Every structure is written in structure tokens, then in C-alpha cells.
Amino acid sequence: MTALPPGRLGALAGTLFVSFLVLAGCSSGDSATESATSTTATTVSTSTTSASTDSTGTDASTSTTVEPGFEGRTITIDVTAGEVKTVGCEQAVAKDSTVRLVVTSDTNDDIHVHGYEKEVAITAGTPSVIDFIANLPGVWEIELHGLDTTVCELTVNG
Amino acid sequence: MIATLHVVVAHGLGGRSDLPLPTWLFTYAAGMAVVISFVAVGTFWRQPHLAQGPAPITTMPRATGWLWIVRGAGRLIGLALFALTLAVAWVGPPNGNNLALVMVFVAFWVGLPLLSAVAGDIWQVLSPWDTVALVVTRLRGRPSDASPLPQASHWWAVAGLFGFTWLELCYHNPSSPRVLASLISVYAGAMVLGAAVFGRRWLRTGDAFAAWFGIVASLAPLYRDPTTGRVRARLPFTGAAAIAVRPGTVALVLVALGSTGFDSTSNASWWEEVVGARTGWDATWVNTLGLMWVIGVMALIYAGAMRLNARIVGEDDLDSLLRPFIHSLVPIALAYVLAHYFSLLVFEGQQVPILVSDPFARGWDLFGTIDWTVNYLVVSTRTISLVQVGAIVAGHVAGVVLAHDRAIGRFPRHLATRAQLPLLVAMVFYTVGGLVLLLRA
């Protein structure tokens with residue numbers, strides 16, 4: 001082995017490790033959010049309870065299908081004049097938990113949950129409720145076909 | 001709007017992406033890449049082993065006896081699959097549930113290079129344009145030599161490969177079977193025309209897929225001895241040392257590397273924000289810039305490393321090392337493909353038997369498979385993560401070994417160690433960068 005001056009090798013090793021640490025540092029930011037999203041079922045259920053009470057509260061006048069006391073994740077998707085507002089999609093759900101979509105649109109549309117192959121027609125002005133067990137891990141698109149938009153990328157942890 | 005393959009493929013069943021890589025797995029893999037690189041500099045072998053080309057391990061018994069049957073069958077299968085794909089693309093369902101999309105973007109574009117890296121250069125046999133050229137030359141009583149022209153460049157192939165990845169990743173409506181049908185027809189016409197003008201041998205370098213799949217096949221443990229025609233075995237990855245580097249080969253490998261890198265990048269939420277609400281051609285142009293940008297970054301890292309290397313060893317021409325070391329990036333490019341598309345191949349590939357039962361949407365059930373559904377539990381998310389990380393680390397190790405072997409054979413002994421360092425750093429960037437993209441694939 002031809003000897004590299006120890007100082008120079010050290011400097012190079014240092015540079016490499018710094019670059020590695022920088023990249024690892026970028027990732028640890030992700031890991032923080034990841035560990036936050038994959039936390040226990042209790043935090044998930046508290047956040048979803050509040051979400052579901054929200055939706056029952058706001059939609060109480062128009063909807064009779066959304067019953068209170070639902071255990072699981074509720075994702076509300078509201079479409080007004082082509083603008084989509086999705087609530088409850090950000091955090092990952094645990095595998096085998098129950099997911100409820102509450103979709104309200106001011107136009108007729110079709111909602112499609114990829115992988116789970118739930119495809120439901122949406123009637124303008126009427127909230128539609130879709131329940132399913134999230135038993136397929138991965139990141140799944142939930143799409144409105146009429147609007148041709150992905151309204152949620154649902155992460156189901158394995 | 002996400003310009004990725006899972007949108008392209010089969011509207012009805014696609015729309016899946018992988019879970020982010022677990023951070024601990026990322027940390028281990030990235031750390032291993034750094035450590036392996038340093039071990040390579042210090043303690044790998046000190047004599048080049050691959051300079052004479054890979055040493056064959058064994059010859060398959062009486063390989064030439066049955067090989068023509070396999071090759072003939074392969075040509076028929078290649079022609080049949082091409083005819084089916086083109087027909088389905090033209091007259092099959094005009095939406096994402098078209099078999100041609102799965103055939104082209106999953107089986108052909110992902111499956112074939114991975115298969116070539118194991119079984120050797122099978123596109124040489126499957127290529128429908130080569131079969132047409134072979135038949136025409138035979139009918140005209142000409143000798144049908146299929147070896148690549150020695151002076152030919154890879155620039156046609158660079159254009160073809162960039163065009164294909166542009167269609168897949170940038171064009172706003174890649175899941176239109178009719179657009180795909182038009183482009184397949186144009187490309188097939190161009191290949192037949194090229195073969196008519198420059199001869200059948202031109203296809204080996206002018207056809208983007210012959211060129212790229214052929215380069216990938218140099219990694220395979222199986223190969224066909226060009227002089228004896230026999231199938232032989234060699235150590236995996238070692239064949240890359242014998243790649244014939246032509247004008248354009250460096251660009252070809254970098255386009256392949258960069259396009260997979262861009263596919264990962266374009267999944268990232270920050271890139272979706274860049275594209276924003278743009279649709280149609282506006283989105284196409286933004287994605288085109290993105291693709292060129294990622295390929296450019298990959299090229300800059302490589303060129304920068306090799307220029308630094310040239311400076312260290314005192315080369316007069318700073319670009320003189322670009323060609324001799326490009327083969328070491330081929331395993332890394334293949335690793336990107338496997339890491340990024342493994343789950344797509346496993347899941348979307350299951351649509352081939354489903355869609356082939358009713359390829360023209362006539363309500364057929366030719367093979368009784370129409371009711372099958374994609375089984376998303378066939379591999380676990382943990383397995384997917386391990387395959388991704390295993391591929392990236394294995395590709396890195398193979399790249400480091402290939403570069404090391406070339407460096408000690410080429411550079412004076414007292415400079416060989418130091419001269420390897422810039423490329424090693426570049427490879428660590430490629431590898432760690434590839435892993436970072438998988439953190440949120």
C-alpha cells in the first residue's frame with residue numbers, strides 16, 4: 001500500500017464523514033416526523049376523535065350518516081368550486097386500523113381509493129361516507145376522478 | 001399532479017408507492033457505503049484482476065447444441081409480444097387499464113434490464129427490429145453479422161433513451177395508450193430504417209434499448225463467448241470491465257442513472273410544489289427541466305471527480321479519464337432501478353396475467369384470470385426496504401471494486417490510492433443520495 005500522508009487521509013476521512021453526517025442530518029429531520037407519525041394508537045385515536053367530532057359538528061345539519069363515537073381515522077374531503085380541502089390525511093395510520101372518508105363536493109364526482117379499490121359516486125351536496133380497514137401497507141392515492149386530482153396520499157404503516 | 005410511473009400504469013389498480021425507508025436502515029446502509037469505500041482504498045487487491053476481461057468460470061456443457069433452439073424461440077416470443085403490445089396500444093382500451101402500458105413501462109423497461117443483469121443480453125434475441133433485419137439479410141443472401149460496428153457511437157442511443165425517459169417521466173399524458181402506440185410505431189420505423197441504411201450491426205449501438213440493456217447485461221454472471229458462441233459463467237459484475245466504451249457511452253450511463261434519480265425526486269413533495277398547479281404542457285416543460293437538471297447534477301459529480309483524478313495523476317487532458325471509469329457506475333445505475341422499481345415490478349407486474357385475458361376490452365376471459373386481483377401482501381414492506389437497501393449497497397460495492405481494479409491497473413503505484421479518492425467520494429454521494437430519495441420515495 002502506497003502511504004498517503006496521514007494528515008491528508010485524515011482530512012479526507014473527515015470530509016467524507018462530514019458529508020455523511022450532513023446527509024444523515026437531513027434524514028434525521030425526516031425521522032423525527034416519521035417517529036411522530038408512527039406513534040401509538042392513542043395519539044392517533046385522540047386526533048381522529050376530534051376530527052370526527054368536527055365533521056359531525058359541521059355536517060350535523062346535512063348528514064345523518066356520520067354517527068358519533070367512531071373509533072379510527074376520519075379523513076374529511078371537501079370540494080368547493082374546484083378547491084379541495086383535505087383534513088386528517090397527513091398522519092400515517094397503523095395497519096389494520098379503520099379509516100373513514102367523509103367526502104362532500106358541490107359537484108357530482110367519483111372517489112377512488114387505490115389499492116383498496118373503493119370507488120364511490122359522490123352526489124353534489126351530500127356527504128358520502130366510505131369506511132375501510134387499512135390492511136394493505138404502503139402509500140396509497142385517494143383520487144377524485146371527475147376533478148382528476150389526488151386529494152390524499154394515505155400512508156399505511158406496515 | 002404527480003408525474004410518476006404509478007400514475008402512468010393502470011389507473012384502476014396503481015397509485016401505490018413505497019413506505020419511507022426506516023431511518024435506522026438508512027443510517028446503517030449509508031455508513032456501510034462510507035466504510036466499504038475506505039476499506040477499498042486500503043486493503044483490496046493490489047494487482048488488477050479484470051484488465052484482461054473477466055475470467056470465465058465454466059463453460060456450459062454442449063451449450064451450442066441447443067442454443068439455436070432457445071434463440072429461435074426467443075425471436076418468435078419477442079416478435080409476438082411486440083405485435084401484441086402494439087396492437088393493444090392502438091386498439092385496446094384508451095385508458096390506464098391497457099395491457100400495453102404494463103408491458104412497456106413495467107415488463108420491458110424495468111423487468112428486462114433486471115433480467116438481463118442475471119441472464120445476459122436477452123434483448124439481442126428478443127429485439128423485434130433485429131429479427132426483422134436478420135430475416136431481411138438472410139433473404140437477400142447476405143452474411144448476417146450481429147456484432148456491433150467498431151466505430152459506431154452511442155449518441156443515437158442517448159437520444160433514444162432520453163426520449164423514452166422523457167415520455168415516462170416528463171410528458172403530461174404518458175398513460176395514453178394511443179400516444180404510446182404512435183411513439184412505438186415511430187421508434188420501430190426508425191430502427192428498421194436505421195438497419196436498412198447502416199446495416200443490421202448498427203442496431204447494437206443505435207437502438208437505445210440494445211445499447212443500455214447490453215451494458216447492463218455485462219454485469220450478468222452468464223454471457224455468450226463471442227468467438228465460440230458458447231454460454232459461459234463468470235463472477236457477477238466483473239463483465240463490466242470489458243464494456244466497449246464508445247463516444248456517447250458516458251452520456252448513456254449518466255442518462256440512465258439520472259432518469260431513475262429524477263423519478264425518485266419527482267415523487268418528493270418539494271418537487272410537487274415546484275410543479276404546483278401546472279398541468280398539460282406547462283407541467284411537461286417543468287418536468288423536462290427537472291429531468292435535465294438531475295442528469296446534469298449526476299454528470300457534474302462524475303466529471304468533477306474524474307477531472308480531479310486526472311489532476312492527481314498528472315494527465316494532460318483532464319477529460320481523459322471520463323471514459324475509462326464509466327463502467328464502474330453501471331452497477332450503481334442498475335441498483336437505482338432495482339431499489340426504485342422493485343415493488344412496482346412485483347405488484348404492477350401481477351396485472352399482466354389479468355389484463356392479457358381481455359386485452360381489447362371485449363369482455364373476454366381467455367385464460368380464466370380476469371377476476372384475479374393484485375396481491376399487495378405478496379412481499380412485506382420490510383422485504384421491500386431490505387431489497388432497496390441491499391441493492392444500493394451491493395451496487396456501491398460493485399462500483400467501488402470495478403473502479404479500484406481499473407485504478408491500480410492504470411495509475412502508477414504511488415498515486416493509485418490517492419487517485420481513487422475523488423471517484424469514491426462521488427460514489428458515496430450517488431449511494432447516499434439514492435438512499436435519501438428512498439427516505440420518502
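Author: Helices and strands are DSSP runs, numbered from the N terminus. The model considered here is predicted.

Reader: Which pattern does chain A follow along the sequence?

Author: Chain A reads α-α-β-β-β-β-β-β-β-β-β, with two helices and nine strands. Buried residues account for 30% of its 158 residues. Of the contacts in chain A that link residues at least 6 apart in sequence, 59% join residues at least 24 apart.

Reader: How many residues does the largest nonpolar core have, and which of them have the most contacts inside it?

Author: In soluble globular proteins, nonpolar side chains tend to be buried together. Here the largest nonpolar core has 150 residues, and those with the most contacts inside it are Leu161(B), Trp212(B), Leu252(B), Val253(B) and Ala333(B). Helix 18 (residues 413–439) of chain B contributes the largest share of this core, 15 residues. Leaving aside residues up to four places away in sequence, Val253(B) touches Ile215(B), Ile326(B), Leu329(B), Val330(B) and Ala333(B).

Reader: At what angle do helix 13 of chain B and helix 18 of chain B pack?

Author: Two packed helices are described by the angle between their axes and the distance between the axes. For helix 13 (residues 280–313) of chain B and helix 18 of chain B, the angle is about 170° and the axes are 9 Å apart. Angles over 145 degrees count as roughly antiparallel, so helix 13 of chain B is roughly antiparallel to helix 18 of chain B.

Reader: Which residues meet in this contact?

Author: Among them are Ile301(B), Tyr302(B) and Asn309(B) in helix 13 of chain B, and Leu415(B), Arg418(B) and Phe429(B) in helix 18 of chain B. The residues of this contact divide into 14 nonpolar, one polar and one charged.

Note on methods
Residues are numbered from 1 along each chain as its sequence is written. Chains are lettered from A and ligands numbered from 1 in the order in which they are written. This is a predicted model: local features need pLDDT of at least 70, side-chain atom pairs count only at pLDDT 80 or more; totals for chains, interfaces and linings use all residues. A nonpolar core is a set of buried Ala, Val, Leu, Ile, Met, Phe, Trp, Tyr and Cys residues joined through C-beta atoms within 7 Å. A residue is buried if 20 or more other C-beta atoms lie within 10 Å of its own, exposed if 12 or fewer, and partly exposed in between; C-beta atoms are placed from the backbone. Helices (H or I, at least four residues) and strands (E, at least two) are DSSP runs, numbered from the N terminus. Two residues are in contact if their C-beta atoms, placed from the backbone, lie within 7 Å. Axes are lines fitted to C-alpha atoms, for helices over the stretch in contact, and angles run from 0 to 180 degrees between N-to-C directions. Angles under 35 degrees count as roughly parallel, over 145 as roughly antiparallel, 65 to 115 as roughly perpendicular and the rest as oblique. Ala, Val, Leu, Ile, Met, Phe, Trp, Tyr, Cys and Pro count as nonpolar, Asp, Glu, Lys and Arg as charged, and the others, Gly among them, as polar.
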